[in-house]
Amino acid sequence: MQFFGGSEISPSPPVPTASGNNAHMMYVFNRNGVCLLYKEWNRPLHTLNAQQDHKLMFGLLFSLKSLTAKMDPVNADKGNLGVPQLPGQGCSFHSFRTNTYKLSFMETPSGIKIILVTHPKTGDLRESLKYIYSLYVEYVVKNPIYSPGSPIKSELFNTALDQYVRSIS
Amino acid sequence: MGREVAESCVDTMLMEMVAMYSARFYANKPELAARRIEAIGYQVGHQLSERYTMERPRFSDHLEAIKFICKDFWSEVFKKQIDNLKTNHRGTFVLQDNKFRWLSRVSIDPSSEKETEDPSTPGESKAAQAVSMYLYFPCGIIRGVLSNLGIPCAVSADISSLPTCSFVIRVKA
């Protein structure tokens, strides 16, 4: 597939930046720490059981956000370390990379956090995460039989998400 | 002409209406909730039919009225036409919409379907029952439109295969 430059229109998915099956796994949390969705495509190593894994991930993000906001050399508005921050307050980190994986993160004003763990050579996934959020709004929030705060069980959402993630990796 | 409102507003309002009636007002009486929602749809259909048939001449027979619903009315309300119309020429019409707009985002969880499969209750599972509550409003709308055009009828819906939805109209002779 050849792409001649990315498109400017926001609902359309962005240009893929790497090839092969890159995505390892994905988490979606709501503002209370409930894991709404966990999907894995390629995860050879499981260290903890599912519950602890989710708690660890949520705790990690909470600490990272706090820390990055506190260490900000530019922004004057810093909360106290340890106090939960509002989604727009302070600076927001969007990814970190190790030698084996890259974790991309996005938080919406409503407190929905989307985490995508991929291959380390992946480019910037912020636009992709925005598109995934638009899928969430479309198929989950607008689903009459979904009750907010409960794990996502929508087939339409799962299929659309799967298709999209495979297309960007 | 006319003022516009975002479609998400209409969608969420319909969702909330069904939720209110089935969970709060008539919590353990789904029949009453369904009747109430259908009555609301009837009023809405009544008024919408006035608006959308303003410039048209009278309909010559029942089939013309049903065709009006399938084409013009459905395009105004759902931005598409009915995909398939069947009739037995004796007062029963089946309108099939292959991607019903108000149900396009409903999706039942496949794993919970298998768990809650209760052999003692004949017919639908709980999820299918929940989804069918959302169909009383469009059924009421169709009944309202037809009765304002002078055709008393009974309308029911069938969702054996989502997102395809069929509305069965039985004209009272």
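**Note on the predicted two-chain model**

1. Chain A has three helices and five strands. The model is predicted. Along the sequence of chain A the order is β-β-α-β-β-β-α-α. Chain A has 169 residues, and buried residues make up 38% of them. Among contacts in chain A with a separation of 6 or more, 50% join residues 24 or more positions apart.

2. Start with strand S4 of chain A, residues 102-107, where Ser104(A) lies. Is Ser104(A) buried or exposed? Its relative accessibility is 2% and buried means under 20%, so Ser104(A) counts as buried. Neighbours within four places in sequence aside, Ser104(A) has these contacts: His94(A), Ser95(A), Ile114(A), Ile115(A), Leu116(A), Leu125(A) and Leu129(A).

3. Leu129(A), one of those contacts of Ser104(A), belongs to the buried residues of H2(A). Helix H2 of chain A runs over residues 126-141 and has 16 residues. From its first C-alpha to its last, H2(A) reaches 21 Å. That is close to the 22 Å expected at 1.5 Å a residue.

4. Which residues of H2(A) are buried? They are Ser128(A), Leu129(A), Tyr131(A), Ile132(A), Leu135(A), Tyr136(A) and Val140(A). These residues cover an arc of only 155° around the axis, so they lie on the same side of H2(A). As a general point, an α-helix has 3.6 residues a turn, so residues three or four places apart point the same way.

5. What do the buried residues of H2(A) pack against? In chain A, the partners are strand S1 (25-29), strand S2 (35-40), S4, strand S5 (113-118) and helix H3 (155-168). S4 is the strand that holds Ser104(A).

6. Turn to the largest nonpolar core, which has 40 residues. The members that touch the most other members are Ile69(B), Trp74(B), Leu95(B), Phe100(B), Leu146(B), Phe167(B) and Ile169(B). Several elements of chain B each supply at least two residues of this core. The helices are H1 (7-25), H2 (30-52), H3 (62-78), H5 (126-133) and H6 (136-148). The strands are S2 (92-97), S3 (153-158) and S4 (165-171). H3(B) gives the most to this core, with eight residues.

7. Neighbours within four places in sequence aside, Phe167(B) is in contact with Trp74(B), Phe93(B), Val94(B), Leu95(B), Phe100(B), Leu135(B), Pro138(B), Cys139(B), Ile142(B), Ser156(B) and Ala157(B). Among these contacts, Trp74(B), Leu95(B) and Phe100(B) are themselves listed with the core members that touch the most others.

8. The structure holds two cavities of 30 Å³ or more. About 150 Å³ of space lies in the largest cavity. From chain A, Lys142(A) and Pro144(A) line this cavity. From chain B, the lining has Asp11(B), Leu14(B), Met15(B), Val18(B), Phe100(B), Trp102(B), Leu103(B), Arg105(B), Tyr134(B) and Phe137(B). H1(B) gives the largest share of this lining, four residues.

9. Last, the largest pocket. About 1,100 Å³ of space lies in it. Of its 24 lining residues, the closest to the pocket centre are Val5(B), Val10(B), Leu48(B), Tyr52(B) and Glu76(B). H1, H2, H3 and H6 of chain B each supply at least two lining residues. The largest share, six residues, comes from H1(B).

Note on methods:
Residues are numbered from 1 along each chain as its sequence is written. Chains are lettered from A and ligands numbered from 1 in the order in which they are written. This is a predicted model: local features need pLDDT of at least 70, side-chain atom pairs count only at pLDDT 80 or more; totals for chains, interfaces and linings use all residues. Side-chain values use heavy atoms; hydrogens and water are left out. Buried means under 20% relative accessible area, exposed over 50%, partly exposed in between (1.4 Å probe, protein chains only). Contact means heavy atoms within 4.5 Å. A nonpolar core is a set of buried Ala, Val, Leu, Ile, Met, Phe, Trp, Tyr and Cys residues joined through side-chain atoms within 4.5 Å. The expected span of a helix is 1.5 Å times one less than its number of residues. The arc is that of the directions from the helix axis to the C-beta atoms. On a 1 Å grid over the protein atoms alone, a cavity is a set of points where a 1.4 Å probe fits but cannot get out, and a pocket is an open set with protein on both sides within 12 Å along at least five of seven lines; lining residues have an atom within 4 Å of a point. Grid points are joined across faces, edges and corners, and a volume is the space filled by probe spheres set on the points.
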